[in-house]
Amino acid sequence: AVADQAFLFKTAAREIALQHGLNAVFMAKPIAGQAGSSMHLHQSVIDKDTGRNIFSTSRGKPTRLFLNYIGGLQQYTPAAMSLLAPNVNSYRRITRYNSAPINTHWGYDNRTAGLRVPLATPEAMRVENRIPGSDANPYLAIAGSLAAGYLGIVERIKPEDPLTTDAYELPYGLPRDLLSALQALKDCKPMSKIFG
């Protein structure tokens, strides 16, 4: 439903722009020297039987499953990068100090990290994947991000400690161009098994 809404929004924005003699674009980095356009994905998992958010205890503490999910995002997001950044222009957005993440570090309310955990109530505990650009196909971007988190849960991957400093000061941790991203997906057997 969210992916449907994203496509509807883009279509409506283009139509409205045309009516005013303008052209709406959804490139990840339409203007050099300015921040790019993103498609942040807020993710949580709800128990289908109880309706409870499995990422949080009743006291608002992160669960093991939540940490495993983040661990999966950290390990497998680089392999999903071609789904999150599908065009040559997409990689112009992934630059240091320009409002876009450059790696898969995570932290609580840390907007420099690729994976941000917003301050929230236990029911709303989630992780925000800040890596996808506005040019990504929302169905594929959501699928790639969910697959990475799912693998983290299945493989019980432990994440790094949450980052409390500036993630831009750390090395790049994502593919820097489309060919590298496609190769990373091709070489990642667990992701290839999920996507076929």
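Let's start at one pairing. Strand β3, residues 115-117, runs parallel to β2, and 3 bridges join the two. One of the residues involved is Trp-106, whose bridge partner in β3 is Leu-115. Keep in mind that this is a predicted model.

Now step back to the whole sheet. In what order do the strands lie? The order is β1-β4-β3-β2. The sheet is open, has 4 strands, and its pairing is mixed. Which strands sit at the edges? Those are β1, residues 41-43, and β2, residues 106-108. Each of these pairs on one side only. From one strand to the next, the twist averages 25°.

Next, the helices around the sheet. Helix α2 covers residues 64-84 and packs on the sheet.

On to the largest pocket. How much space lies in it? About 330 Å³. Its lining has 19 residues. Nearest the centre are Val-2, Met-39, His-40, Leu-41 and Ile-142. Which elements give two or more residues to this lining? They are α1, residues 2-19, along with β1 and α3. Helix α1 has the largest share, with 5 residues. So much for where the lining comes from; what is its make-up? It divides into 11 nonpolar residues, 7 polar and 1 charged.

Finally, the protein as a whole. There are 5 helices and 4 strands. Along the sequence, the pattern reads α-β-α-β-β-β-α-α-α. Why call the protein as compact as a globular protein of its length? Because its radius of gyration is 17 Å, close to the 16 Å that the globule rule gives for 196 residues. As for overall dimensions, the C-alpha atoms fill a box of roughly 50 × 35 × 35 Å along the principal axes.

Conventions
Residues numbered from 1 in each chain as written. Predicted model: local features only at pLDDT ≥ 70, side-chain atom pairs only at ≥ 80, totals over all residues. Heavy atoms only, no water. Pairing = 2+ DSSP bridges. Axes fitted to C-alpha atoms, helices over the stretch in contact; angles between N-to-C directions. Contact = heavy atoms within 4.5 Å. 1 Å grid on protein atoms, 1.4 Å probe; cavity = no way out; pocket = protein on both sides within 12 Å on 5 of 7 lines; lining within 4 Å. Points joined across faces, edges and corners; volume = space filled by probe spheres on them. Nonpolar A, V, L, I, M, F, W, Y, C, P; charged D, E, K, R; others polar. Rg over C-alpha atoms; globule rule 2.2 N^0.38 Å.
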